[in-house]
There are 2 protein chains.
Amino acid sequence: MGGDKQRRNRKSVMQPTLADVAREAGVSAITVSRVLNSPQAVRPATRATVEAAIDKVGYVRNMLAGSLASANSRFIAVIVPSLANIVFVEVIAGLQAEFERHGYQILLGNTDYDLDRECELVRTFLGWSSSALVVTGLRHSEACQRVLEHWEHPVAEIMELGETRDLNIGLDHAEAGRCMAKHLLGRGHRQIVYVAAQLERDYRAGLRFAGHREVLEEQGLSAPLLDLEHLGQFETGAQALEEVLTHHPEATAIHFANDDLATGAILHAQRQGIRVPEEIAIAGFNGLPIGQRITPRLTTILSPRETIGREAARRVIARLQGADRTPEQHDVGFELLAGEST
Amino acid sequence: MGGDKQRRNRKSVMQPTLADVAREAGVSAITVSRVLNSPQAVRPATRATVEAAIDKVGYVRNMLAGSLASANSRFIAVIVPSLANIVFVEVIAGLQAEFERHGYQILLGNTDYDLDRECELVRTFLGWSSSALVVTGLRHSEACQRVLEHWEHPVAEIMELGETRDLNIGLDHAEAGRCMAKHLLGRGHRQIVYVAAQLERDYRAGLRFAGHREVLEEQGLSAPLLDLEHLGQFETGAQALEEVLTHHPEATAIHFANDDLATGAILHAQRQGIRVPEEIAIAGFNGLPIGQRITPRLTTILSPRETIGREAARRVIARLQGADRTPEQHDVGFELLAGEST
DNA sequence: AGAATGAATGGTAGCGCTAACATTAGCGCA
DNA sequence: TGCGCTAATGTTAGCGCTACCATTCATTCT
């Protein structure tokens with residue numbers, strides 16, 4: 001007797017569970033679980049019965065319970081500094097395309113270029129038992145470093161290259177800066193101003209500037225830097241152009257930290273009747289489509305953004321599938337697009 | 001005898017749990033849980049002890065377990081048709097800003113304009129016990145409709161306006177189409193070609209075209225439509241311009257389905273020496289920053305994208321906090337930006 | 001003083017699933 | 001027929017947390 005197994009349900013609406021499907025199909029719960037997770041381990045006939053039962057009862061699987069039980073969430077934490085910048089969106093698109101194919105779900109976090117915020121996001125995402133972490137850049141707060149060191153799962157640091165604890169996929173920004181500086185020297189420019197917006201935040205632009213400066217100083221040239229407040233992608237570029245023409249009348253070229261700024265400058269020049277590159281040459285970085293559509297076509301450096309995403313995802317997945325865990329670095333390279341603006 | 005409570009751990013590395021913190025602090029697990037979830041329900045002194053214990057043992061809370069136990073994940077499923085289009089990225093930015101403030105985590109899904117894919121994503125996200133769903137558009141597959149009807153949580157359909165089951169935040173695309181058509185008529189144009197890319201996918205562009213056609217036909221004018229394959233945002237616009245000039249020499253204006261196409265056309269015209277708007281007027285839709293920087297400045301309609309995201313998030317949060325569940329529609333409106341291109 | 005309140009804390013029993021091990025079925029071969 | 005093997009399926013005990021109710025203790029009111 002007894003039998004007061006009858007307990008009050010905590011949820012008002014009961015969704016069918018694995019047990020309901022199992023009862024319907026006349027098998028055990030674990031068999032249903034196997035149909036969902038490793039179908040090849042179940043006899044086709046059984047599988048068919050179970051699948052019919054799943055349809056019949058309208059079962060929706062509870063991923064939370066599964067993840068808790070298996071201590072494996074199939075979440076990939078992705079942390080980027082900004083969504084306003086199309087560059088990171090393209091990286092995310094690459095990551096998502098690849099991860100989705102393998103049944104992983106991205107948890108997206110946006111730091112707004114704040115390292116403390118980044119640390120907080122990392123903590124939260126670890127709390128979700130993420131299977132891996134993809135984070136932008138190699139610079140993190142100390143607290144964040146400590147958390148990551150004790151974490152057992154794959155960590156991919158993307159966009160730039162450097163010393164890595166685990167996976168590192170990106171390009172050599174200093175080299176990109178050098179490359180463009182050399183290109184400008186090759187075109188005969190000697191007075192080149194480097195223009196960035198909020199360099200303390202976008203420190204990868206700082207790395208490019210360092211490369212740029214190195215090349216110029218090797219030639220005994222100075223490397224003036226103009227670091228502006230950020231107003232809006234294009235507007236800042238336009239403002240920078242005015243400022244250089246006023247305060248650096250000797251300059252013959254501007255090396256912009258990115259294509260948004262450079263494009264803003266070219267469009268402004270166009271409207272003001274300033275001839276590019278005759279009066280002032282303009283170069284950018286990223287190889288955004290817009291730069292290749294304006295007149296003059298922008299000289300820039302193509303960064304393979306979606307490739308970074310795909311390659312990072314591919315390597316993370318390999319590790320999750322059991323590849324060895326020796327630190328690995330992948331240089332995706334870059335390409336100089338010589339346009340008409342220099 | 002007995003006493004073989006000694007079981008093998010399933011996880012190799014044991015993270016500290018609530019119970020560990022509780023032991024350290026000399027309280028019960030539920031008290032630690034309260035410190036994390038409703039701190040005001042715990043005496044400050046106890047809270048301090050517990051917080052110290054949390055730090056001491058390096059506790060990272062397991063969100064999966066919490067969500068499972070409480071049947072409340074604090075996940076918001078967000079489904080958009082594309083990440084390549086900056087418009088949706090801005091909506092996501094708005095959603096994320098608002099949701100993050102309230103401790104919700106976005107699960108991002110990308111349908112690539114495929115309604116079956118959308119349905120699949122909805123199912124997956126329900127499996128994560130999402131607290132709410134934000135989905136782009138009002139058109140869904142039948143299977144998807146059925147799933148959503150049985151779902152008990154808030155569903156926000158965004159971008160366009162129409163009959164809604166729950167929450168609907170967007171703008172009236174037909175009206176936007178009418179608005180631009182009237183503007184073009186007002187500027188004296190009578191032969192206006194509407195140009196879209198892959199209209200069957202981007203059906204909201206179709207709604208705008210319907211509004212556009214309505215206005216023209218009221219005036220006894222024809223409303224030719226040019227629907228192109230999608231090549232790349234700007235390239236398709238350039239191609240469309242060529243095609244209109246060749247096959248519709250009588251046309252004096254092109255009403256583009258979006259700013260990307262329109263911008264591509266203007267940049268192409270600039271390069272080819274085609275005068276805009278003298279030879280051909282050009283109008284777009286979305287009010288992207290680039291359109292306001294090119295010469296001539298693009299005539300377009302500003303869609304408040306980040307506002308859509310914020311408003312949607314705000315209303316979803318209100319519902320999650322217990323607001324009544326009567327269907328609600330919010331028209332975010334739009335604004336005609338009369339530029340120099342018409 | 002005793003009852004009635006309210007605030008703070010604790011005990012117990014799951015949430016729905018899967019890891020680990022146990023058992024059974026199925027098959028080839030001597 | 002029976003042995004050994006593998007493939008298929010089942011049993012059990014949690015994963016780490018929170019809902020629900022019970023309990024304790026201090027405070028106020030009659």
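Just after helix 12 of chain A, G322(A) takes a positive phi of about 105°, where helices (H or I, at least four residues) and strands (E, at least two) are DSSP runs numbered from the N terminus. This is a predicted model, in which local features need pLDDT of at least 70, side-chain atom pairs count only at pLDDT 80 or more, and totals for chains, interfaces and linings use all residues. Residues are numbered from 1 along each chain as its sequence is written, while chains are lettered from A and ligands numbered from 1 in the order in which they are written.

Helix 12 itself, residues 305-320 of chain A, has 16 residues and reaches 23 Å from its first C-alpha to its last, close to the 22 Å expected at 1.5 Å a residue, that span being 1.5 Å times one less than the number of residues. Its buried residues (20 or more other C-beta atoms, placed from the backbone, within 10 Å of their own) include I308(A), A312(A), V316(A) and R319(A). The buried residues of helix 12 pack against several elements of chain A, among them helix 5 (86-101) and strand 11 (328-331).

Turning to the chain pair, 43 residues of chain B are in contact with 42 residues of chain A, contact meaning C-beta atoms, placed from the backbone, within 7 Å. Helix 10 (233-247) and helix 11 (259-272) of chain B are among the elements that each supply at least two residues of the side touching chain A.

Of the 30 residues around DNA strand D, L18(B), S33(B), A65(B), G66(B) and A69(B) come nearest.

Definitions and conventions. Buried ≥ 20, exposed ≤ 12 C-beta atoms within 10 Å, placed from the backbone. Contact = placed C-beta atoms within 7 Å. Near = placed C-beta within 6 Å.
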